[in-house]
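Here is a short briefing on a structure with its sheets, helices and chain contacts. Keep the view open as you read.

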Amino acid sequence: MKINLGLAQISPKLADVRANCELHLAFVERAAAQRIDLLVFPELSLTGYTVQDAMSEVAHRATPSDPLMSTMLEASRRLDLVVGFAEVDERSRYYTAGAYLSQGKIVHVHRKVYLPTYGLFDEGRYFDLGDSVRAFDTRFGRMAILICEDFWHASPPYLAWLDGADVLLLTSASPGRGLGMDERLDSSRFVETVNKSYAALFGSFVVHANRVGFEDGMNFWGGSTIFAPDGELVAQAPYFEEALAVAEIDLADIQRTRKRIPLLRDERPELTLRELKRIIGH
Amino acid sequence: MTHPDYSYKLNINPELARTVLKTFLRDEIRKVGIEHAVIGLSGGIDSALACYLVAQAIGAHNVYAVRLPYRTSSPDSLAHAQLVIDALGVHSETVEISEMVDPLIARTPGIDAKRQGNLMARARMMVLYDRSAQHRALVIGTSNKTELLLGYGTLFGDMASALNPLGDLYKTQVRQLSRALGVPQPIIDKPPSADLWSGQTDEGEMGLSYAEVDQLLYLLIDQRYSPDECVEAGFDRAYVDRVWRLVRTSHFKRRGPIIAKLSHRTVGIDFNYLRDWGY
């Protein structure tokens, strides 16, 4: 099956859900005109990244009756969407969440499981930890959503792969840092290297939607990518500029690659589990 | 210099730096609903570079450059600032600050050169912030990372700005970027000076060379070496101690005024929003 993938590399307005909602709908409009099947927005695309004390004003429930969610669900009748938002649950706990929406339904919500709280990051102060990594079925096959720090750790992509995800949907609001002689920032180089590696190690498509823009001097570098199951770069959005990057991908490439390099067939999760139990002392 | 040469670690890709800084200026100026910028041009390399960046970011016709000489300022400073104005085509104005500063100096017996320098820096700040209101323009800061870390600047004077494109570039990196952007050569070649009195140079006044101290600051700040590890890396103990003391004792200049906490929620302590949140 061939699908048209879109990466909505936007610059959300900090803590202004209404403005960001309109921005999402404008990108949906553009994507629909280009016959895109699945449009992926970055981490916290509906709220901006450094939400801090504005959390309670910008957070929404991940239920169809929520006004923001219902607007996004309506848009998902035109094409499948991955949107990023601050989720509040029924007991006022907050999560960095990514939702896969399709044909008016919430297919899956992923809550970020690793919250960076070091250096320039302070996510653990404001958000609660998600506690599961799950693949889910879409009309284009089985996929998983992971959010930024989730894929700086090797285990969530590995778990998603074993849970059947053939397309990893990675979203981030990645702050650019590390200026040296290279034509890329250190943070860009790191993320591109690991995403390319995941694609090759898992024989899967790895889709990364990153945001652009600034928040109080902190830049978000964009450069959203799609890597093919052989690790080759399929498409990349520009650095530092808003863009809608589009590429057609052939999901049959996954099977072709795995015939050649049967890493999934030969993977030994029971060995991993046994050794993990030994390592953590169970 | 007894330590290995770490200067290569300060090398930057100027094209990438220019892209990030131009985008920064455009984004952070326009998101608050403003189109213009105002900048004080001293004739030195920092303000020249900042002016080049902001002119490229929002267009020279949106930039107001102000020359702010004191009567003891070097004539070269005015001429060098004019080179930048002519090269970029920004709006320009010259405001003599001697008439603002001298009456206070005259009625302050015993005021030393440093205090006079601070008065001049704050007089310049007053003019720039007035022009900010006049033109609906944000004041562009020109303090580089070396100055910010060593505290070589006047609080509420040249350190005052709305946004600063140079604050994460060491002085040696400012030079690299200036060369790449085509800042006029005489400005790049001359010794850095606050130009507060005749013959003053930054390096003479601080007793430090930028080429040397930038390498040490890079290890201490960016690489998080401890002072002891810097000594192990080859830097002189007394030099490391002196620089680290300068960083610590100038920290107050890098923070806003501290507030006594009384309530549950206090500005500056646990009232947490970015500045961008307000727009």
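Two strands count as a pair if DSSP finds at least two bridges between them. Keep in mind that this is a predicted model. With that rule, start at one pair of residues: A:Leu168 stands opposite A:Val206, which lies in β9 of chain A.

**The sheet in chain A**

- Strand β8 (residues 167-172) and strand β9 (residues 205-210) of chain A run parallel, and six bridges join them.
- Both belong to an open sheet of six strands in chain A, ordered β6-β7-β8-β9-β12-β13.
- The pairing in this sheet is mixed.
- β6 (136-138) and β13 (233-236) of chain A stand at the edges with a single partner strand each, so one side of each has no neighbour in the sheet.
- On average, neighbouring strands here are turned by 25° against each other, direction ignored.
- Helix α5 (residues 155-162) of chain A lies across β7 (141-147) and β8 of chain A.
- The helix α5 of chain A runs at about 165° to β7 of chain A.

**The sheet in chain B**

- Chain B has an open sheet of four strands, in the order β3-β2-β1-β4, and its pairing is parallel.
- Its edges are β3 (91-94) and β4 (137-139) of chain B; each has a single partner strand, so one side of each is left without a neighbour in the sheet.
- Four bridges join β2 (residues 63-67) of chain B to β3 of chain B.
- In this pair, B:Val66 stands opposite B:Glu93.
- Helix α2 of chain B packs on the sheet and touches β1 (36-41) and β2 of chain B.
- The direction of α2 of chain B makes about 165° with that of β1 of chain B.

**A helix in chain B**

- Which residues of helix α7 (residues 171-181) of chain B are buried? They are B:Lys171, B:Thr172, B:Gln173, B:Val174, B:Arg175, B:Leu177 and B:Ser178.
- These buried residues pack against α1 (14-30), α2 (45-58), α6 (145-150), α8 (185-189) and α10 (210-222) of chain B.
- Just after α7 of chain B, B:Gly182 takes a positive phi of about 85°.

**Where the chains touch**

- In chain A, 20 residues are in contact with 18 residues of chain B.
- Strand β10 (residues 212-215) of chain A gives the largest share of chain A's side, three residues.
- The residues on chain A's side divide into eight nonpolar, seven polar and five charged.

Note on methods: Residues are numbered from 1 along each chain as its sequence is written. Chains are lettered from A and ligands numbered from 1 in the order in which they are written. This is a predicted model: local features need pLDDT of at least 70, side-chain atom pairs count only at pLDDT 80 or more; totals for chains, interfaces and linings use all residues. Helices (H or I, at least four residues) and strands (E, at least two) are DSSP runs, numbered from the N terminus. Axes are lines fitted to C-alpha atoms, for helices over the stretch in contact, and angles run from 0 to 180 degrees between N-to-C directions. Two residues are in contact if their C-beta atoms, placed from the backbone, lie within 7 Å. Ala, Val, Leu, Ile, Met, Phe, Trp, Tyr, Cys and Pro count as nonpolar, Asp, Glu, Lys and Arg as charged, and the others, Gly among them, as polar. A residue is buried if 20 or more other C-beta atoms lie within 10 Å of its own, exposed if 12 or fewer, and partly exposed in between; C-beta atoms are placed from the backbone.
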